[in-house]
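These are my notebook entries on a structure that I looked up. I began with contacts and then turned to charged pairs.

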Amino acid sequence: MTKRILTTSRRSLLKRGVALFATGFVAGKLLTPASVRAAQMTPHEKELYEAATREGELTWYTSHSDDATAQALGRDFEANYPGLKVSVVRTTAQVAFQRVSQELKAGAMQVDMLSSTDLGHYVYLKEKGLLDKYVPDNAAKVLDIYKSYDPDGYFQVTSAGLVGIGYNNEKLKEADAPKNWAELTEPKWKDKIALGHPGFSGYVGTWTVSMRKLYGWQFFEALAKNNPQIGRSINDTVTMLNAGERIIAGSGPVGTLMSSALKGNPLAMIYPTDGSVLIIAASGVMKGAKHPNGARLFMEYLLSPEASKVWVDHFNESIRPEISALPGAKAASDVKTIRPTVEEISKGIPEVIKQWRDTFGV
């Protein structure tokens with residue numbers, strides 16, 4: 001008995017010793033995880049962190065992902081910067097923008113950073129002088145495709161994701177699933193398709209602009225004949241598939257759908273031969289924000305390898321070259337993509353919202 005206790009104690013001591021060694025010592029002082037993180041900060045990051053700590057918190061409105069991914073980013077930020085709290089408000093792009101507009105009108109700004117999937121929002125806010133100019137140090141370290149969307153530095157691309165065709169693989173074989181966008185208009189898919197709404201979702205707005213450019217509005221007139229079930233958020237398409245209400249997500253968000261599949265739901269993804277839509281999503285610090293330093297630090301974080309790791313873990317795109325896609329997952333570089341310009345999105349989304357309501361009646 002004594003021998004067994006001693007062995008256990010030695011193992012316990014050994015584990016503690018390894019943990020202490022991994023944590024490390026500097027000048028004879030034990031480094032905690034927080035102090036290790038602080039030691040890795042650049043002078044600019046440390047300065048921002050100290051200023052943000054005096055503010056204590058920040059509020060982030062985001063439509064870049066589902067709630068699970070947004071909350072994971074918030075928790076990771078707080079772990080990287082102890083003493084700071086981020087209030088994560090996840091909603092659709094148009095609802096977030098409406099909320100910001102109401103706060104501006106009332107002179108009661110609550111949001112510090114806006115992360116919208118509709119790039120037109122930033123064009124408008126920049127023109128009205130409602131964004132704080134801030135060029136993060138990390139902006140120069142992202143993949144080239146995501147650099148300099150705003151050369152003046154009022155907003156930055158902080159995430160990206162793919163839209164393809166999702167399906168319930170218990171009710172539909174891969175061989176029988178649509179292989180391109182045009183096939184969604186075939187009569188055999190009547191009452192089987194789920195869609196989001198461009199009047200709420202920036203992802204769906206960009207997808208709609210892309211399909212109109214690719215096939216003309218007649219694509220949607222034909223699609224309407226198949227009586228699709230229309231939600232609000234693009235993530236609603238995944239909910240409809242899981243509920244058994246439809247078997248095809250006509251505008252399927254790869255990140256949300258594959259994360260749901262990982263939880264055991266019978267879902268799979270088709271990357272259309274005519275191109276998956278690559279959604280470029282930006283963030284901006286609001287002018288007059290209550291917590292400007294916290295917002296700037298959060299912007300640095302969203303452009304960091306740590307944030308890209310969270311995105312990749314939830315089947316979204318990495319914007320940093322150091323972080324690769326999960327094994328077996330497809331990145332934008334692995335498939336054919338469609339990517340509308342900022343001008344096409346800014347001009348096109350308001351147009352397609354009106355056309356959508358005229359065609360689908362919602």
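I took contact to mean heavy atoms within 4.5 Å. The model is predicted, so I note that local features need pLDDT of at least 70, that side-chain atom pairs count only at pLDDT 80 or more, and that totals for chains, interfaces and linings use all residues. Residues are numbered from 1 along each chain as its sequence is written, and side-chain values use heavy atoms, with hydrogens and water left out.

**Entry 1: F315.** I found F315 in the loop between helix 12 (305-313) and strand 13 (337-338); helices (H or I, at least four residues) and strands (E, at least two) are DSSP runs, numbered from the N terminus. Leaving out residues up to four places away in sequence, F315 touches V254, G255, M258, S259, L262, L326 and A329. F315 counts as buried because its relative accessibility is 18%. For this I used under 20% relative accessible area as buried, over 50% as exposed and partly exposed in between (1.4 Å probe, protein chains only).

**Entry 2: D112.** I located D112 in the loop between helix 5 (93-106) and strand 5 (113-116). D112 is buried yet has no salt bridge, and the nearest side chain of opposite charge, K290, is 7.7 Å away. I counted Lys and Arg as positive and Asp and Glu as negative, without His and the chain ends. A salt bridge here is a side-chain nitrogen of Lys or Arg within 4 Å of a carboxyl oxygen of Asp or Glu. I also noted that D112 is in contact with K290 and H291, among others.

**Entry 3: salt bridges.** In one of them, R99 pairs with E103, the closest N and O atoms being 3.9 Å apart. Both residues lie in helix 5, four residues apart, about one turn of the helix. R99 counts as partly exposed because its relative accessibility is 39%, whereas E103, at 8%, counts as buried.

The side chains of K213 and E344 meet in a salt bridge at 2.8 Å, N to O. K213 lies in helix 7 (residues 202-215) and E344 in helix 13 (residues 342-360), so this pair ties together parts 131 residues apart in sequence. I recorded K213 as exposed, at 60% relative accessibility, and E344 as partly exposed, at 25%.

D152 forms a salt bridge with K126, with the closest N and O atoms 2.7 Å apart. I then saw that K126, D150 and D152 are linked in a network of salt bridges.
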